[in-house]
Amino acid sequence: MPSRDEAKVVVRRLHALSGSAEIVRKAAARELAKRDPLDANELLHHVILLARASWEPATCVLSAFVSALGLEAAQIPYADSLRRMAEVQSLESVADLFETGPAQKELDQGAAAKSDAQAFTQSLGHLKQQARMTRDPDVLSRMATVSNPAVIRNALLNPRLTEDLVVRMAARRPARPEPLVEIWKATRWSSRHSVRRALVFNPYLPPEVGVKIVPLLNASDLAELAGDSSVHPSLREQAARLLGAGG
């Protein structure tokens, strides 16, 4: 089983990597993949505790580990068994990362599609191109209200997109889950505290994404989340446990 000191070695190695968030995320996935499930869970547990203790390298690397669980699961051979093993090991902070189920609130897919059709008459291909290439901030703001995830995916690549607009996109209610998931996948934006807050406090966010954001929040955010009855119960419980672990 990895010790705390061994976890620190891994964290320092990943923290020293140069390059994009994707590079670090893939490296984190490889660290998990080369261990058996029990050891992988112990490593995750130590990284979470080190981050909660405000060790700066761990707070940076933790985001790579939790995003790897969602975006690089195919590269981790036993990813499906990690939650079961974490429960056997009584590692609640790790088991929490694998919560699934519907969001606290849901916008009907048909209603969302009808709203898009009423607001936009262009073809999907045109909307995707416009979202990615428009130079007009007003047009980009309109594109940000679309429920189609392909349009949102392109809008997130627009170089003129601002953090304020992404926060509004992440906080939008009612919302379909797919656009919110696209924001989480866009590491250029989901690495920002304001965007993480907007997502995790949105009751329309799927809990399987929310539980991977919660460990990245600061103590003040965790306390607020633990007392927010509008969010998914699993997120409130996770926040309370992390606070109890020294957050």
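These legends walk through several close-up views of one predicted model. Residues are numbered from 1 along each chain as its sequence is written, and side-chain values use heavy atoms, with hydrogens and water left out. As the model is predicted, local features need pLDDT of at least 70 and side-chain atom pairs count only at pLDDT 80 or more, while totals for chains, interfaces and linings use all residues.

**View 1. Here is the largest nonpolar core, with 79 residues.** A nonpolar core is a set of buried Ala, Val, Leu, Ile, Met, Phe, Trp, Tyr and Cys residues joined through side-chain atoms within 4.5 Å. Buried means under 20% relative accessible area, exposed over 50%, and partly exposed in between (1.4 Å probe, protein chains only). Leu 32, Phe 65, Leu 156, Leu 199 and Leu 225 touch the most other members.

**View 2. Helix 2 meets helix 4.** Their axes (lines fitted to C-alpha atoms over the stretch in contact, with angles from 0 to 180 degrees between N-to-C directions) come within 8 Å and cross at roughly 80 degrees. That makes the two helices roughly perpendicular, a label for angles of 65 to 115 degrees. On the helix 2 side, the contact (heavy atoms within 4.5 Å) involves residues including Val 24, Ala 28 and Leu 32; on helix 4, Phe 65 and Ala 68 are among the partners. Val 24, Ala 28 and Leu 32 are also among the buried residues of helix 2.

**View 3. Asn 202 sits in the loop between helix 14 (193–200) and helix 15 (207–213).** Asn 202 counts as buried because its relative accessibility is 2%. Its side chain makes polar contacts (N or O atoms within 3.5 Å; within protein, one must be able to donate a hydrogen and the other to accept it, and residues adjacent in sequence count only if both atoms are side-chain atoms). One goes to the backbone oxygen of Arg 172 at 3.0 Å, and another to the backbone nitrogen of Tyr 204 at 2.9 Å.

**View 4. A cis peptide bond runs from Arg 173 to Pro 174.** Omega is near -5 degrees here. Pro 174 belongs to the loop between helix 11 (163–171) and helix 12 (177–185).

**View 5. Ser 54 has a positive phi without being a glycine.** The value is about 65 degrees, and Ser 54 lies in the loop between helix 3 and helix 4. With a relative accessible area of 61%, Ser 54 is exposed.

How values were computed:
Helices (H or I, at least four residues) and strands (E, at least two) are DSSP runs, numbered from the N terminus. Angles under 35 degrees count as roughly parallel, over 145 as roughly antiparallel, 65 to 115 as roughly perpendicular and the rest as oblique.
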